[in-house]
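Here are some notes to read with the model open in your viewer. They start with how the parts sit against each other and then turn to a couple of residues.

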Amino acid sequence: MKYYIVIPAHNEQDLIGLTLESLVSQTVLPSKVVVVNDNSTDKTEEIVLGFAKENPFISVVNKTSDAIHMPGSKVIQAFQKGFETLDSNYDIIVKIDGDLIFPPNYFETIIKHFESDPKIGMVGGFCYIEKNGDWVLENLTDKDHIRGALKAYRAATFQQIGGLKPAMGWDTVDELLCKYYDWKVVTDSSLHVKHLKPTGANYNKTARYKQGEAFYTLGYGFWITAIASAKLAMMKKKPLLFLDYIKGFLKAKSAKTPLLVTPEQAKFIRNYRFQKMKQKLI
């Protein structure tokens, strides 16, 4: 199976080389890697071009955008810019961040999962962060969720879910739409990926409310949002974030912010979320 990778990158000169090194060391190499140099003011482009000289499957695309790091929209707009430069001759499309180190067998294993079952639509490993000299699981989500930093999609799945949405919540709505269209989402706990910058390290203050807004646009409704907000705030060990998330939800509701899903999909998502919550209580 052929896989293409798109890497949105903003000022990643210290880390992008490590990511690309781990990609050119894969036991099954990618057919194409596009790095989208998103408004970088450092040597990101220079480093990527150095790799491209030795590895002709690597290319760089330059993009100008607002320098403020807003979760969701900025990264997916950059992804889209890179994706548009690719042909459709791929079996798997992958979106990764420019601050990861993959084990050499990562993509060989991902391909084996896709080949094992034609109903598997998405596959991913797990992100590990360094704490006191040890690499520990970056435990922000359930074990059946694939982190936004390393998403791999079957081509047919990617098309059916309508690609990636340029909004916060894109890396949740993709999986919920997978379930809606009856695709399977697979996580492989044997695949440990080093995440060199913890999630949210660059988010600014206005991004705090974005999580609540994302819950609204996913069609969660108030009660699921309240439960999800409480859980996320506790996982991040910042209980007061709960209030920011609820404020964000209410702001989005009063502004009648458009949903990322259709009413029918929103109903499916609420039912699915309630079922999952019930399972955890039983």
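1. Taken over C-alpha atoms, the centres of domain 1 and domain 2 are 25 Å apart. Domain 1 supplies 18 residues to the contact, and domain 2 supplies 22 residues. Keep in mind that this is a predicted model. If you want to colour the two parts, domain 1 runs over 3-195 and domain 2 over 206-280.

2. How much area do domain 1 and domain 2 bury between them? The figure is about 1,700 Å², and 69% of that falls on carbon and sulfur atoms. The size of an interface is often given as the accessible area lost when the parts come together.

3. On the charged side of things, the count between domain 1 and domain 2 comes to one salt bridge. By class, the face of domain 1 that touches domain 2 is made up of 10 nonpolar, four polar and four charged residues. As for polar contacts, four residue pairs turn up across the interface of domain 1 and domain 2, with both residues of a pair at pLDDT 80 or more.

4. Now for Y220, which sits in the loop between α7 (210-217) and α8 (222-235). Is Y220 buried or exposed? Y220 counts as buried because its relative accessible area is 3%, and the cut-off for buried is under 20%.

5. What does Y220 touch, once residues up to four places away in sequence are set aside? The list is T172, L176, F215, T225, A228, I269, R270 and R273. With R273 there is also a polar contact, side chain to side chain, at 2.8 Å. K267 is 47 residues from Y220 along the chain, yet their C-alpha atoms are separated by 8.5 Å.

6. Which backbone atoms does the S22 side chain reach? One is the backbone oxygen of T19, at 2.7 Å. Another is the backbone nitrogen of F102, at 3.1 Å.

Technical notes
Residues are numbered from 1 along each chain as its sequence is written. This is a predicted model: local features need pLDDT of at least 70, side-chain atom pairs count only at pLDDT 80 or more; totals for chains, interfaces and linings use all residues. Side-chain values use heavy atoms; hydrogens and water are left out. Domain bounds come from an automatic or database domain assignment. Contact means heavy atoms within 4.5 Å. Buried area is the accessible area (1.4 Å probe) that two parts lose on being put together, summed over both. A salt bridge is a side-chain nitrogen of Lys or Arg within 4 Å of a carboxyl oxygen of Asp or Glu. A polar contact is a pair of N or O atoms within 3.5 Å; within protein, one must be able to donate a hydrogen and the other to accept it, and residues adjacent in sequence count only if both atoms are side-chain atoms. Ala, Val, Leu, Ile, Met, Phe, Trp, Tyr, Cys and Pro count as nonpolar, Asp, Glu, Lys and Arg as charged, and the others, Gly among them, as polar. Helices (H or I, at least four residues) and strands (E, at least two) are DSSP runs, numbered from the N terminus. Buried means under 20% relative accessible area, exposed over 50%, partly exposed in between (1.4 Å probe, protein chains only).
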